[in-house]
Amino acid sequence: MLFIELSIQGLVQGAIYALIALGLVLVYGLLRILHVAHAALYTLGAYFGIIIVNAGGHIVIAIVLSMVLVGLIGIGIYRFAYKPLLDKPPLIALIASIGLFIAAEEVYRIIFGAYGMSFSQPPLQQQIELFSGFHLSASRICVVILSVLFISILGWLAASTRTGVAWRATVSDPDMAASFGVDIERVRHINFFIGSALAALAGVMVALLSNLVEPTMGAVPAYKALAIIVLGGLGSVRGTLIASLALGIIESFGTIYAGHILDRDAIAFAFLIIVLMIRPQGLLIRR
């Protein structure tokens with residue numbers, strides 16, 4: 001029973017990591033920019049979710065509105081922060097992204113307060129019996145279902161639609177794609193909208209699980225997400241998914257069996273460092 005419980009807990013955490021890291025992969029694959037400010041959108045999505053629910057909105061409405069609003073803000077970040085820097089060295093955009101992330105944390109602290117925000121009546125807290133003697137909260141089930149749903153939609157969008165073909169062509173050769181009539185700006189806007197919306201979804205899910213949102217809650221996930229996309233092979237969506245789930249499982253089991261030596265985050269980073277030492281090119285990228 002403990003094995004099953006830890007496995008499910010690891011899958012839930014891995015699903016959240018996957019939602020966050022996929023946005024980074026989309027941006028890096030398209031623009032070769034490490035979008036650190038992505039974690040600020042994750043935090044903003046969590047705040048929007050709590051505010052909407054506390055104002056009387058249903059959790060479904062909160063999730064949809066959070067994804068849409070944060071997605072639009074993501075487009076704004078591209079247009080006003082990254083687009084003017086595309087002809088500069090990548091390090092310039094990285095510095096701008098880090099600065100934007102730090103500034104966002106301070107803005108959240110000023111607007112929402114430094115001590116965090118919680119649901120007045122947390123939704124999806126009822127326990128559901130999956131099989132004899134084993135119960136799981138509705139919020140955890142919701143995390144897994146929504147993660148699988150939206151990741152599947154993203155996979156279908158990339159593989160089976162004109163938008164997906166345009167995105168893959170733009171990643172491979174932007175100039176060639178433009179010469180064939182692909183609207184590069186439209187592809188980038190869609191890219192940032194989807195990545196930012198997935199980050200917002202992850203933020204709302206974390207808010208449901210912990211019932212607490214703080215201005216700095218994006219700091220550790222930002223570092224982990226960057227490590228995950230490196231571990232998965234920069235630009236590899238499949239590798240990122242595998243790395244996210246592996247990290248969630250390692251954290252879950254490590255907290256029980258190695259928690260007396262290292263805390264949860266230390267276990268995660270130790271695992272990432274060891275794997276990258278053995279396979280620095282990533283899980284699914286050949287040398």
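Let's start with F253, a buried residue whose relative accessible area is 18%. That figure counts as buried because the cut-off is under 20%. Bear in mind that this is a predicted model. F253 sits in helix 10, which spans residues 237-257. Leaving aside residues up to four places away in sequence, F253 touches F3, L6 and S7.

| Pair | Apart in sequence | C-alpha separation |
|---|---|---|
| F253 and V60 | 193 residues | 31 Å |

V60 belongs to helix 3, residues 59-82. Together with V64, V68 and L72, V60 makes a nonpolar surface patch of about 330 Å².

Now for helix 6, which runs over residues 162-172 and has G164, A166, W167 and T170 as its buried residues. These lie on the same side of helix 6, because they cover an arc of only 160° around the axis. As a general rule, an α-helix has 3.6 residues a turn, so residues three or four places apart point the same way. On the other side of helix 6, R162 and S172 are exposed. And what covers the buried residues? The cover of helix 6 includes helix 1 (2-31), helix 5 (138-160), helix 7 (174-179) and helix 8 (184-210).

Notes
Residues numbered from 1 in each chain as written. Predicted model: local features only at pLDDT ≥ 70, side-chain atom pairs only at ≥ 80, totals over all residues. Heavy atoms only, no water. Patch = residues over 30% accessible without salt bridge, like charges linked within 9 Å, V, L, I, M, F, W, Y side chains within 5 Å. Areas by Shrake-Rupley, 256 points an atom, 1.4 Å probe, with all protein chains shown as cover. Salt bridge = Lys/Arg side-chain N within 4 Å of Asp/Glu carboxyl O. Helix = DSSP H or I, 4+ residues; strand = E, 2+ residues; numbered from the N terminus. Buried < 20%, exposed > 50% of the residue type's maximum accessible area, 1.4 Å probe, protein only. Contact = heavy atoms within 4.5 Å. Arc of directions from axis to C-beta.
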